[in-house]
Amino acid sequence: MLNHRIKLRHLNAFLEVSRRRSFARAADSLAITQPGISKAIRELEEIVGATLFERSAQGVSLTQAGLTLLRHAGPALKALEEGVGALADVHGGHAWLRIGALSTVESRLMPAALGRFQTSPHGRTTSVTVVTGASAYLLSRLSLGELDMVVGRMTEAREIRDLAFEHLYYESLRLVVRPGHALAGHALEDTAPLGECRWVLPPQQTTLRQQVDSFCVRHAISLSSPCLETLSLTLSRRYTLENDAIWVAPFDAVDDDLQAGRLVELSLAFEHQGGSVGLCTNASVDTSLALDDFAESLRQAAAERQH
């Protein structure tokens, strides 16, 4: 039985701090004072008998106890909101799916899966909202019950530990430049020139950026020049086509351009096998038939991609 001392304000405060990773930003979002939200979290920690958050110079992060509570509290409150919404008929009886998509699947897998889903039995009556962003952000929203599924390359993310992941295929990152770049078509036995170039990189604090940093350490590359940091494939592609920059790109995002000669891959391989791309769900939330249809559409699109 739920402890009667736990109030809705405690859970709302907990979820907002988890979402914002800051007591100050959470207080602003809920329109209460910072001491007020700190008091609510302190009371909740006393009730459950565990520390839920760790504070550091980088902000606020969940402890293991906090992650466990988040896994259940977020979906529970979301289910309550949806129940009230269903009574109010806010969607006019129309069903919705909320999908998080990482940049690694924006170019091919998601469009193909969405096309298949819309011809499935439940896809004909279900609309889809697609949210993009970094893996930590999307997986946190999945844990909160704000998304039904996250799709992409995310196995390295810390936030995935309490979620269910299904592998679909491996995809590698590639180093690409425009034709005419000084390094295009040359064997890169000496990696020093790479450090003098401009780069298009995933942002700091993302799992893809961790892969880039490890690559640079292995090859003794020091990124001293100004870099562009973004998860936008459209911006990355256009910037690379118009500037002498090196783009660390998901293969699916550049495959057509490489085949057409609009982009050129550098001779230095970034990854051999690549990372695991798949779908992630919250095991504590019951899946709908529409979500099952969408998952099957993803599997079919992934299988077709590999042929």
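What follows is a conversation about how terms are applied to one predicted model.

Biologist: What kind of model is this, and how are its residues numbered?

Modeller: This is a predicted model, where local features need pLDDT of at least 70, side-chain atom pairs count only at pLDDT 80 or more, and totals for chains, interfaces and linings use all residues. Residues are numbered from 1 along each chain as its sequence is written, and side-chain values use heavy atoms, with hydrogens and water left out.

Biologist: How do you know that Cys-197 is in no disulfide?

Modeller: A disulfide is a pair of cysteine sulfur atoms within 2.5 Å. For Cys-197, the nearest cysteine sulfur is that of Cys-227, 10 Å away. The structure holds 0 disulfides.

Biologist: What about the sulfur of Cys-227?

Modeller: The closest cysteine sulfur to it is in Cys-216, at 8.7 Å. That is too far for a bond.

Biologist: Why is Cys-197 called buried, and why is Cys-227 called partly exposed?

Modeller: Buried means under 20% relative accessible area, exposed means over 50%, and partly exposed lies in between (1.4 Å probe, protein chains only). Cys-197 has 12% relative accessibility, so Cys-197 counts as buried. Cys-227 has 34%, so Cys-227 counts as partly exposed.

Biologist: What makes Arg-19 and Glu-16 a salt bridge?

Modeller: A salt bridge is a side-chain nitrogen of Lys or Arg within 4 Å of a carboxyl oxygen of Asp or Glu. Here the N to O distance is 2.3 Å. Both residues sit in helix H1 (residues 8-20), 3 residues apart, which means about one helical turn separates them. A helix here is a DSSP run of H or I with at least four residues, a strand is a run of E with at least two, and both are numbered from the N terminus.

Biologist: How many salt bridges does the structure hold?

Modeller: It holds 23 salt bridges. One of them joins Glu-159 and Arg-21, with the closest N and O atoms 2.9 Å apart. That pair links distant parts of the chain, 138 residues apart. Glu-159 is in the loop between strand E5 (149-153) and strand E6 (164-171). Arg-21 is in the loop between H1 and helix H2 (23-30). Glu-159 counts as buried at 14%, and Arg-21 is partly exposed at 36%.

Biologist: How do you know that Arg-262 and Asp-257 meet in a salt bridge?

Modeller: Their N to O distance is 2.5 Å. Asp-257 has 4% relative accessibility, so Asp-257 counts as buried. Arg-262 is partly exposed, at 39%.

Biologist: What makes strands E9 and E11 the edge strands?

Modeller: The open sheet has 5 strands in the order E9-E8-E10-E7-E11, with mixed pairing. Strand E9 (228-229) and strand E11 (264-265) each pair on one side only.

Biologist: How do you know that E7 and E11 pair?

Modeller: Two strands pair if DSSP finds at least two bridges between them. Strand E7 (residues 173-177) and E11 have 2 bridges, in the antiparallel sense. Val-177 stands opposite Val-264 in E11.

Biologist: Why is Thr-63 called buried?

Modeller: Its relative accessible area is 10%, so Thr-63 is buried. Thr-63 lies in the loop between strand E2 (59-62) and helix H4 (64-88). Leaving aside neighbours within four places in sequence, Thr-63 is in contact (heavy atoms within 4.5 Å) with Thr-51, Leu-52, Phe-53 and Glu-54.
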